[in-house]
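This briefing goes through one protein model, topic by topic. Please keep the sequence and the 3D view open while reading.

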Amino acid sequence: MPRIKDVDYVRFTVSDLQKQKTFLDDFGLHTEIHDNLLLARGTDSSPYVYIAEESAEPGLVSVGFVAESESVLREIAAIDGVAVEFPLLQLMEQLFGHVKYLAFNSPLLPGLQFVCVPVSYTHL
C-alpha cells in the first residue's frame, strides 16, 4: 500500500485574516499576509505549514500531502476510486511554482480536497 511521507500544509478559510494571524503569532508561528493569503511556518526551513484565505464561510479547504512520486499519488487516489486532476489554481502556482501536482476530492468529506505534491517539489 502506498504511503504518504509527510503532511505538507493545511489550508483553511477564516472570517478574519488579521485575527487569525494574531492567534498564530501567539503560538510562536512566523506569519505573513501576502496577496490576501495568510501564510504561517514554524521554526524549520519549511516556507509554510498553514495557509488561510478570508471568507464568510470558515472551514477546512485542503490538506497537502507529500508522496515519493506521481505514481504513488495516483495509487493513493485509486484506493478510493477518485478522479485525479491537474488543477491550475493560482494559489498552488504561487506556492509551488510551475510544478505538477495532483488533487482529488475526498470521497468521505464533500468539499474537502486533498492535494498531493511529489517529494521532489517540496521544501523537505
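Predicted model: local features only at pLDDT ≥ 70, side-chain atom pairs only at ≥ 80, totals over all residues.

Threonine 31 stands opposite alanine 40 in S3. The two strands involved, S2 and S3, run antiparallel and are joined by 5 bridges.

**The S2–S3 hairpin and its turn**

- S2 covers residues 30-34 and S3 covers residues 37-41, with asparagine 36 in the loop between them.
- The two strands make a hairpin in which 2 residues separate S2 from S3.
- Aspartate 35 also belongs to the loop between S2 and S3.
- The phi of aspartate 35 is positive, near 50°, although the residue is not glycine.
- Aspartate 35 counts as exposed because its relative accessibility is 53%, and the cut-off for exposed is over 50%.
- Asparagine 36 likewise has a positive phi in a residue other than glycine, here near 65°.
- With a relative accessibility of 62%, asparagine 36 is classed as exposed.
- Beyond its neighbours within four places in sequence, asparagine 36 has contacts with Leu17, Ala52, Glu53 and Glu54.
- Between asparagine 36 and leucine 17 the C-alpha separation is 8.2 Å, and the two residues lie 19 residues apart along the chain.

- S3 is mostly covered, with 4 of its 5 residues buried.

**Helix H1**

- Helix H1 spans residues 17-26, and its buried residues are Leu17, Gln20, Lys21 and Leu24.
- Viewed down the axis of H1, these buried residues fall within an arc of 105°, so they line one face of the helix.
- Lys19 and Asp26 are exposed on the other side of H1.
- The buried residues of H1 pack against strand S1 (6-14) and against S2, S3 and S4.
- At the start of H1, aspartate 16 places a side-chain oxygen within 3.0 Å of the backbone nitrogen of glutamine 18.

**Aromatic pairs**

- The model has 3 aromatic pairs, counting rings whose centres lie within 6.5 Å.
- One of these pairs is tyrosine 9 with tyrosine 48: the ring centres are 5.9 Å apart and the planes stand at 65°, so the pair is edge-to-face.
- Tyrosine 9 lies in strand S1 and tyrosine 48 in the loop between S3 and S4, so this pair ties together parts 39 residues apart in sequence.
- Both tyrosine 9 and tyrosine 48 are buried.

**Threonine 13 in S1**

- Threonine 13 is a residue of strand S1.
- Threonine 13 counts as buried because its relative accessibility is 15%, and the cut-off for buried is under 20%.
- A polar atom of the threonine 13 side chain lies 2.8 Å from the backbone oxygen of glutamate 57.
- Not counting residues up to four places away in sequence, threonine 13 touches Glu53, Ser55, Glu57, Pro58, Gly59 and Val61.

**The chain as a whole**

- The protein contains 3 helices and 7 strands.
- Read from the N terminus, the order of elements is β-α-β-β-β-β-α-α-β-β.
- Of the 124 residues in the protein, 41% are buried.
- Of the contacts between residues at least 6 apart in sequence, 58% join residues at least 24 apart.

Methods. Residues numbered from 1 in each chain as written. Heavy atoms only, no water. Buried < 20%, exposed > 50% of the residue type's maximum accessible area, 1.4 Å probe, protein only. Contact = heavy atoms within 4.5 Å. Pairing = 2+ DSSP bridges. Arc of directions from axis to C-beta. Polar contact = N/O pair within 3.5 Å; in protein donor to acceptor, adjacent residues only side chain to side chain. Phe/Tyr/Trp six-rings, centres within 6.5 Å; stacked < 30°, edge-to-face > 60°.
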